[in-house]
Amino acid sequence: MTNWDFLSLLTSNIQSFICSFVFSFCIYYYCFRNVIHSILDPLFWSLLGSCFGFSVVSFLFLLDQISIYYYSSYLLTQFSFIIFLLIGMKHRISIINPVIIINKSYFLYCFFFISLFVDIFCQTLTLYLRGIPILMESRLETFSGGTGYGLFSRFLDISRCFTLYFVFYFWRKHKFRRILKVYIIYLFLVLVASGSKSSVLSIGVLYFCYVFSNRITNGLKELSRITKLLIPISILGALLMLYIRLGSFTTSIIELLARFVFYGDIYWQAYPNDFLSVLNDSSPFKALFSDFLGSFRLIDWANLPTPIGIDLYKSVHSVDLMTGPNARHNVFGLLYFGYAGSCLFSAVIGLCTGFFRQLCLAFSGHSHIIKALAVILYIKMIALETDPTLAVTGLVSILMVFPILLFLSFCVFMLFDKSGLWEYQ
């Protein structure tokens with residue numbers, strides 16, 4: 001089923017979709033009402049997309065567009081994910097800190113300014129060489145083309161997460177306030193220029209993770225104030241970007257709402273007419289870890305499988321475009337591991353997601369560099385439900401960038417401080 005076919009079906013049966021959404025929302029609300037305390041929690045946005053995906057699959061089954069085989073597979077995998085996610089979040093993790101950093105404050109300064117420099121350098125160079133994304137026909141062109149700009153994207157993404165974490169840290173410590181204010185203004189400008197409709201919201205998401213990982217007692221009140229500010233700004237910003245492109249405010253609102261429905265686009269492309277069965281399912285390991293294998297040159301990119309979403313989009317729409325939906329764990333697991341294996345795969349995905357959420361709380365007595373790393377791991381690994389391969393891409397970016405930031409910080413630290421860096425307990 002093409003995107004246009006689904007939208008036509010949706011507009012003709014909007015009441016059925018609303019019923020499906022209410023049914024899905026009630027399930028998610030019941031399961032996670034005591035878990036999610038802020039809409040800035042990255043898990044909230046993951047579950048929101050998952051809820052809309054649930055609505056789409058139920059809607060398709062209600063209208064007899066998919067078989068009981070696919071609907072039952074989806075229900076089994078989704079409930080496996082939810083159950084093991086809740087189990088993972090109930091497990092308390094405690095990690096002893098074996099290393100004490102001598103002159104810790106000074107090393108944090110070094111790490112912050114190195115991250116800040118890398119962030120600004122990569123962003124400035126990218127804008128200079130590739131142009132302003134919001135002015136492009138597709139902002140995804142910025143890092144496309146196989147010319148190495150994807151590496152800038154990795155450094156920009158990870159260094160910015162570290163920088164933002166330490167912006168919040170030093171702001172609460174009342175240090176570098178003038179520098180931090182300038183950086184925040186700069187960040188708002190480049191995020192708007194990026195053309196991403198949820199980019200400004202990412203600041204609030206990272207602040208939630210900072211509050212969450214540091215167990216700040218009055219954090220929920222602060223998050224409530226930030227939410228009241230960021231959510232309207234994000235919505236108005238998204239509508240403004242759509243209005244500039246579409247020229248109609250009504251159409252902009254409809255398209256923004258449609259973006260939420262499109263969380264389930266993989267399902268209406270894969271399940272109806274058994275389109276999933278035509279895809280190559282011979283290399284599950286290569287498909288899951290393709291970014292790791294390709295980035296570290298363990299296997300040539302040409303010998304790695306094409307992402308499911310791209311193959312599926314080409315098959316369904318009969319076009320040769322490098323675009324497509326995210327391969328959600330239900331579809332990825334069913335294709336590569338079969339009906340029974342997909343349930344186990346989804347259970348592992350849920351358990352890992354819960355583990356990485358709890359990992360944020362496991363480093364309360366550790367250095368803020370380790371806390372920041374745990375926060376970034378959580379933000380990247382939350383994509384396991386949306387697209388397991390995307391989560392692997394985030395992990396690869398961390399493996400590439402974090403050691404370099406750490407090494408550069410170590411060099412600067414040793415250049416100006418001779419007291420030594422660490423000692424073992």
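**Surface patch, helix packing and positive phi values**

In the predicted model, a nonpolar patch on the surface is formed by Phe-79, Ile-83, Phe-84, Ile-87 and Leu-351, which together present about 410 Å² of accessible area. Helix α4, spanning residues 68-90, supplies the largest share of this patch, with 4 residues. Leu-351, by contrast, belongs to helix α15, which covers residues 329-359. The relative accessibility of Leu-351 is 39%, so the residue is classed as partly exposed.

Helix α4 also packs with helix α2 (residues 14-32): the axes of the two helices come within 11 Å and cross at roughly 20°. Because angles under 35 degrees count as roughly parallel, α2 and α4 are assigned to that class. The crossing in which α2 passes α4 is right-handed.

Backbone geometry was examined in two loops. Most residues other than glycine have a negative phi. Asp-64 has a positive phi, near 60°, although it is not a glycine. This residue is situated in the loop that links α3 (42-62) to α4. With a relative accessibility of 65%, Asp-64 counts as exposed, because the exposed class comprises values over 50%.

A positive phi, near 55°, is likewise found at Phe-176, again a residue other than glycine. Phe-176 is placed in the loop between α6 (149-172) and α7 (177-194). Its relative accessibility is 26%, and Phe-176 is therefore partly exposed.

Key. Residues numbered from 1 in each chain as written. Predicted model: local features only at pLDDT ≥ 70, side-chain atom pairs only at ≥ 80, totals over all residues. Heavy atoms only, no water. Patch = residues over 30% accessible without salt bridge, like charges linked within 9 Å, V, L, I, M, F, W, Y side chains within 5 Å. Areas by Shrake-Rupley, 256 points an atom, 1.4 Å probe, with all protein chains shown as cover. Salt bridge = Lys/Arg side-chain N within 4 Å of Asp/Glu carboxyl O. Buried < 20%, exposed > 50% of the residue type's maximum accessible area, 1.4 Å probe, protein only. Axes fitted to C-alpha atoms, helices over the stretch in contact; angles between N-to-C directions. Parallel < 35°, antiparallel > 145°, perpendicular 65-115°, else oblique. Left-handed = near helix turned anticlockwise from the far one by under 90°.
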